[in-house]
Amino acid sequence: ATHITTYKRVIKIQERERSAMSSRRTSSSASKITEDEINNLIMKLRPLLPRLNQRRNGTVPASEVVKETCNYIRSLQSEADDLSERLSQLLGSTDSNGVDITLIINLLQQQD
């Protein structure tokens, strides 16, 4: 009787594991992005990338679009860091140069 009870427990555990694995597969497949969705995202990215947008031919491999997106984001981050540093320097020297802080703030708010 003990062996039968143990055997039934093992069967139940195996059924639970199969059920859990099945639900994991279902949820992971539901969260996977389709090839059409990737292509759609690539098509939306391309016009945002100045270097690729200047090209005459219409086909660019998706890998190149992703690489160029990464490069463009890095360049934008670098440009933002440089501008932030220049602004900090400018604001730090406003007393000696007579720069109007209100003018700078207004210009920054126009960018938003």
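Q: How much accessible surface does the protein have, and what share belongs to carbon and sulfur atoms?
A: This is a predicted model, so what follows describes a prediction. The accessible surface of the protein is about 9,700 Å², and carbon and sulfur atoms account for 54% of that surface.

Q: What share of the residues in the protein is buried?
A: A residue counts as buried when its relative accessible area is under 20%. Of the 112 residues in the protein, 9% are buried.

Q: What share of the contacts join residues at least 24 apart?
A: Take the contacts between residues at least 6 apart in sequence; 9% of them join residues at least 24 apart.

Q: Where do negative charges gather on the surface?
A: A patch of negative charge is formed there by Glu79, Asp81, Asp82 and Glu85. Asp81 belongs to helix H4, which covers residues 62-92. Is a residue like that buried or exposed? With a relative accessible area of 54%, Asp81 is exposed.

Q: How many salt bridges does a search of the whole structure find?
A: Side chains of opposite charge can pair when their charged atoms come close. In this structure the search finds one salt bridge. Its partners are Glu68 and Arg51, and their closest N and O atoms are 3.3 Å apart. Glu68 is in helix H4 and Arg51 is in helix H3, so the pair ties together parts that lie 17 residues apart in sequence.

Q: Are the two partners buried or exposed?
A: Take each partner in turn. Glu68 has 8% relative accessibility, so Glu68 counts as buried. Arg51 has 53% relative accessibility, so Arg51 counts as exposed.

Q: What is the nearest side chain of opposite charge to Arg46, and how far away is that side chain?
A: A salt bridge needs a side-chain nitrogen of Lys or Arg within 4 Å of a carboxyl oxygen of Asp or Glu. For Arg46 the nearest side chain of opposite charge is Glu64, 8.2 Å away. Arg46 is buried and has no salt bridge. Arg46 lies in the loop between helix H2 (35-45) and helix H3 (50-53).

Q: Which residues does Arg46 touch?
A: Set aside residues up to four places away in sequence. Arg46 then touches Leu52, Asn53, Arg55, Asn57, Gly58, Thr59, Val60 and Val65.

Q: Where is Thr69, and which residues is Thr69 in contact with?
A: Thr69 is in helix H4. Apart from neighbours within four places in sequence, Thr69 is in contact with Leu45 and Leu49. Thr69 is buried, with a relative accessible area of 13%.

Q: What does Tyr72 touch?
A: Tyr72 is another residue to look up in helix H4. Leaving out residues up to four places away in sequence, Tyr72 touches Leu48, Leu49 and Pro50. Its relative accessibility is 26%, so Tyr72 counts as partly exposed.

Q: How far apart are the C-alpha atoms of Tyr72 and Leu49?
A: Tyr72 and Leu49 are 23 residues apart along the chain, and their C-alpha atoms are separated by 7.0 Å. For Ile73 and Leu49 the separation is 24 residues along the chain and 9.5 Å between C-alpha atoms. Ile73 is in helix H4 and is partly exposed, with a relative accessible area of 45%.

Q: Where is Pro61, and is Pro61 buried, partly exposed or exposed?
A: Pro61 is in the loop between H3 and H4. Pro61 is partly exposed, with a relative accessible area of 46%. Pro61 and Ile42 are 19 residues apart in sequence, and 9.2 Å separates their C-alpha atoms in space.

Definitions and conventions
Residues numbered from 1 in each chain as written. Predicted model: local features only at pLDDT ≥ 70, side-chain atom pairs only at ≥ 80, totals over all residues. Heavy atoms only, no water. Patch = residues over 30% accessible without salt bridge, like charges linked within 9 Å, V, L, I, M, F, W, Y side chains within 5 Å. Areas by Shrake-Rupley, 256 points an atom, 1.4 Å probe, with all protein chains shown as cover. Lys, Arg positive; Asp, Glu negative; His and termini not counted. Charge placed at Lys NZ, Arg CZ, Asp CG, Glu CD. Helix = DSSP H or I, 4+ residues; strand = E, 2+ residues; numbered from the N terminus. Buried < 20%, exposed > 50% of the residue type's maximum accessible area, 1.4 Å probe, protein only. Contact = heavy atoms within 4.5 Å.
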